[in-house]
Amino acid sequence: MGTIASLQLPGEIPFSPLRQEAERIYKEVTDNFSAWDSSSALSHINQEAGHSSITVPQTFSPLLSRTLIVAKQSGGAFNPLVGPLIDCWGFHGRKDGEIKIPTDEQLEKIKPLIQFDQIQIKGQQIGLARKGMQLDLGGVAKGYAVDRVWVALTQRNVESALIDLGGNLRCIGESKKGRGGWNTAIRNPFRRRDLVASFLLHPGEAVATSGNYERFVEINHKRYAHIIDPRTGHPVEGTASVTVIAPTAEKADILSTTLFVLGQKDGMRFLEKYAKDCDAIWIPDTPQTPTLFCTKGINKRDFNSSWKTVILASST
Ligand code: ADP
Ligand code: MG
């Protein structure tokens with residue numbers, strides 16, 4: 001998945017078998033959902049786009065169906081067919097080395113390829129209606145993988161753990177008895193090595209951050225985030241990072257990407273309608289006036305920051 005995985009287990013339990021189990025799960029998720037590995041199930045679906053359906057492993061269709069619900073609810077801000085746009089902007093790396101801003105004409109041609117109602121799911125058979133369509137679950141697969149590891153550890157009676165896959169975190173229990181959970185932090189998107197805020201993850205909860213500082217492309221000295229607004233075809237600008245705290249890592253992951261695209265105002269509306277059980281923190285791309293915009297639930301989490309913090313009022 002092109003990132004680093006870590007597992008913290010403070011209890012006195014044998015580490016190796018749990019590590020092996022986590023590695024097995026991450027490999028399985030990569031084999032199924034990687035857009036980079038041409039032999040993954042997802043890549044096979046893409047290779048057969050406009051041609052035929054592919055039989056996928058059992059876990060595939062349920063995850064894809066759940067992402068389609070968020071795609072609909074968000075009015076297409078999250079779009080699992082974002083692949084051709086990611087390609088077009090060169091986020092998967094350009095072979096010719098030079099990255100150019102796509103023309104309106106190029107983007108117009110891609111529009112029919114990102115119509116997510118044209119994904120066909122029949123049980124374990126998945127097909128894409130048009131040639132050139134490309135599934136990309138990069139905005140949700142890491143969170144999903146973390147939940148799978150979380151379930152495996154819970155089933156093995158692990159009482160305390162922190163699972164981290166490239167900034168997608170989920171905890172089990174408390175880091176120490178009496179702590180009330182695990183203390184976590186948000187990175188400074190303008191100076192990656194620094195932290196800007198800390199807060200408590202309650203037992204079982206998850207957190208994910210989508211930012212413009214980890215993966216991006218530079219075109220004419222301007223930095224573009226690897227998150228695209230499928231409604232415009234352009235990379236999202238104006239936001240440096242969005243952090244989401246949710247009951248599961250899958251939800252935190254998919255919503256961090258979704259809320260990055262929706263921005264604060266529409267993002268708040270989305271949360272109130274579809275995800276009342278989540279908290280979010282937006283950091284606008286304004287390094288001169290660093291500010292955190294948070295949902296009010298953050299107050300129940302020992303939230304601490306030296307930055308200006310604005311609690312967002314409800315949208316209604
Ligand atoms: P990261 O992969 O750095 O953790 P995200 O979870 O926000 O960050 O996912 C970003 C990835 O999601 C991109 O690399 C791309 O594969 C995919 N993506 C980008 N824009 C969208 C979008 N609007 N809808 C769905 N997926 C997207
Ligand atoms: Mg995400």
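Start by selecting the magnesium ion, ligand 2, which is coordinated by Asp253 (O), Asp253 (OD) and Thr257 (OG1) at 2.1 to 2.3 Å; donors here are N, O and S atoms within 2.8 Å of the metal (3.2 Å for Na, K and Ca), and since water is not among the atoms, sites may look incomplete. This is a predicted model, in which local features need pLDDT of at least 70 and side-chain atom pairs count only at pLDDT 80 or more, while totals for chains, interfaces and linings use all residues. Residues are numbered from 1 along each chain as its sequence is written, chains are lettered from A and ligands numbered from 1 in the order in which they are written, and side-chain values use heavy atoms, with hydrogens and water left out.

Next, display helix 7 (residues 249-274), where Asp253 and Thr257 both lie, four residues apart, about one turn of the helix; helices are DSSP runs of H or I with at least four residues, strands are runs of E with at least two, and both are numbered from the N terminus. Asp253 is buried, with a relative accessible area of 5%, and Thr257 also counts as buried, at 13%, where buried means under 20%, exposed over 50% and partly exposed in between (1.4 Å probe, protein chains only).

Now select ligand 1 together with the 17 residues that surround it, the closest being Asp136, Ser210, Ile228, Asp253 and Thr257; a residue belongs to this set if one of its heavy atoms lies within 4 Å of the ligand. Helix 7 supplies the largest share of this shell, three residues. Oxygen atoms of ligand 1 can then be followed to their polar contacts (pairs of N or O atoms within 3.5 Å): one lies 2.5 Å from a side-chain N or O atom of Ser210, one lies 2.9 Å from a polar side-chain atom of Asp253, and one lies 3.5 Å from a backbone N or O atom of Gly138. Of the 560 Å² of accessible area that ligand 1 has on its own, the protein covers 94%, as computed by the Shrake-Rupley method with a 1.4 Å probe.

Conventions:
A polar contact is a pair of N or O atoms within 3.5 Å; within protein, one must be able to donate a hydrogen and the other to accept it, and residues adjacent in sequence count only if both atoms are side-chain atoms.
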